[in-house]
Amino acid sequence: MARDASRRQDPDVMASAAAETLLHGLVDYAGLFPPAALPMAQAVRLYDEYRRGAHAWILGRFVLPVARLEEFVRHAAPLFGRGVPWRLSVVGGADDRETIERFNEKFGERAVIDALEGKAATVDEVGQHAALASLRTSQDEPFFVFVEVPIAEDTAALVSAIGANGLRAKVRTGGVTTEAFPAAVQLTRFLWSCATSDVAFKATAGLHHPMRGDYRLTYESGSPQATMFGFLNVFLAACFLRAGLSEDRVVAVLEERDPKAFEFEPGRVLWGGHQLDAHSIDALRERFATSFGSCSFAEPVQELISMELL
């Protein structure tokens, strides 16, 4: 997604240019997925509101299963034409090329699928997505293919295959059960694999909150709690890793619970005696740590406001 210096609507509401750079286009809206699991009509309406809201610059793509595209069109088409085209990421597989091309040919100036999110557990399964890497949108813009891989074991071979096929990686950072959350060392190993293979990634699930902490797994009354990663932790950890931070210190960034430990100054972010400047963050967000999927947009925004980062 294009980035520019004028993305902020109100120059007085952002505490730090470095924070603005980190947050720009960071949240892909996945309201259709658990734990929110909203009906299509409601998810589409909310996304349209967010696109026109004060924090639209934080918003990324609308995420949906490719099998629900027709349902999406029924609810969303009346809203097309309000501003820039809707950007969509579809959860699907290697066989969905024709469906994507037909959709983009029909709606490309109003809504465009420019990303697909698939899965692979083996190098051969990664290779099945390779043909999608040549896709372009109807406006001849890049098409991005994210391949989710399991990270319980070493991910080096899978991530290397992703890079060799011109694809991007995807990591699951949580879910609605405690077992769905990987350990910080496992996530660090995945980030290291992406860095050494020069592979961009996105994250999904369990990242509603900016900071690591103990939170409810669902929105149901009496929901059990689990320790979740914060999205600030994950994306700052990725940026620090690419800037040369050691793996053990990256684990410490992922496990950081004190919001005051991340110091957002006008042109840089500091943690534990290490720093990232806004220019470096901008470059790494563009080509390495791209976005995360969240079934809530309001929740991350409200917590960022509470932290005085918005």
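The model is a predicted one, in which local features need pLDDT of at least 70 and side-chain atom pairs count only at pLDDT 80 or more, while totals for chains, interfaces and linings use all residues. Residues are numbered from 1 along each chain as its sequence is written, and side-chain values use heavy atoms, with hydrogens and water left out.

Thr21 belongs to helix 1 (helices are DSSP runs of H or I with at least four residues, strands are runs of E with at least two, and both are numbered from the N terminus). Display the Thr21 side chain next, and follow it to the backbone oxygen of Ala17, which it reaches at 2.9 Å.

Now select helix 11, residues 298-306, whose buried residues are Pro300, Val301 and Leu304. These residues lie on the same side of helix 11 because they cover an arc of only 100 degrees around the axis, the arc being that of the directions from the helix axis to the C-beta atoms. Which elements do the buried residues of helix 11 pack against? They pack against helix 1 (17-23), helix 8 (231-242) and strand 13 (289-294); contact here means heavy atoms within 4.5 Å. After helix 11 comes Glu308, with a positive phi near 65 degrees.

Turn next to the largest nonpolar core, which has 101 residues (a nonpolar core is a set of buried Ala, Val, Leu, Ile, Met, Phe, Trp, Tyr and Cys residues joined through side-chain atoms within 4.5 Å). Helix 8 gives the most to this core, with 10 residues. The residues with the most contacts inside the core are Tyr29, Phe62, Phe72, Trp86, Phe190 and Phe201. Centre the view on Phe201: leaving aside neighbours within four places in sequence, its contacts include Phe146, Phe190, Phe235 and Phe288.

Finally, show the whole protein chain, which has 11 helices and 13 strands. Its C-alpha atoms fill a box of roughly 50 × 45 × 45 Å along the principal axes. Of the 310 residues, 54% count as buried. Among contacts between residues at least 6 apart in sequence, 71% join residues at least 24 apart.

Notes: Buried < 20%, exposed > 50% of the residue type's maximum accessible area, 1.4 Å probe, protein only. Polar contact = N/O pair within 3.5 Å; in protein donor to acceptor, adjacent residues only side chain to side chain.
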